[in-house]
Amino acid sequence: MRQVLGNRRDRRDRVADMAHDVQRQDITLLDGLPDSEMERETAAPAFRPEYASAPRTVRDCLQHMIDHTAMHLGHVQVTGQFVNRGVI
């Protein structure tokens, strides 16, 4: 999120990201975000070369983050159901 909204270089440590809660500074990037910023084109993340074929807007990136988070939530829910039923 910092890379797309804050125009900051991505120095993400994915392992460390999973070890703590979302930082307040990431959430505050959305505070007061003007509608015009949602349509700003942004560079595709370097770790996703398949996105380089077309420009992505901030709106596209936020939608992807929401979709991706929802997918992970679904995984958590299904895993919980398996555990509760003694499947795993």
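This is a predicted model: local features need pLDDT of at least 70, side-chain atom pairs count only at pLDDT 80 or more; totals for chains, interfaces and linings use all residues.
Student: How many residues does H5 have, and what is its reach from the first C-alpha to the last?

Tutor: Helix H5 covers residues 58-84, which gives it 27 residues. At 1.5 Å a residue, a span of 39 Å is expected, and the computed reach from the first C-alpha to the last is close to that, at 39 Å.

Student: Which residues of H5 are buried?

Tutor: A residue counts as buried when its relative accessible area is under 20%. In an α-helix, residues three or four places apart point the same way, because there are 3.6 residues a turn. In H5, the buried residues are Val-58, Cys-61 and Leu-62.

Student: Where in the chain is confidence lowest, and where is it highest?

Tutor: Taken over the chain, the mean pLDDT is 77, and 59% of the residues reach 70 or more. Among the elements, helix H1, at residues 2-5, has the lowest confidence with a mean of 60, whereas the highest, at 91, belongs to H5.

Student: In what order do the elements of the chain run from the N terminus on?

Tutor: The chain holds five helices and two strands. Read from the N terminus on, their order is α-α-α-α-β-β-α.

Student: What percentage of the residues in the chain is buried?

Tutor: The chain has an accessible surface of about 7,000 Å², and carbon and sulfur atoms account for 55% of that surface. Of the 88 residues in the chain, the buried ones make up 15%.

Technical notes
Residues are numbered from 1 along each chain as its sequence is written. Side-chain values use heavy atoms; hydrogens and water are left out. Helices (H or I, at least four residues) and strands (E, at least two) are DSSP runs, numbered from the N terminus. The expected span of a helix is 1.5 Å times one less than its number of residues. Buried means under 20% relative accessible area, exposed over 50%, partly exposed in between (1.4 Å probe, protein chains only). pLDDT is the predictor's confidence in each residue, from 0 to 100. Accessible areas come from the Shrake-Rupley method with a 1.4 Å probe; for residues, only the protein chains shown count as cover.
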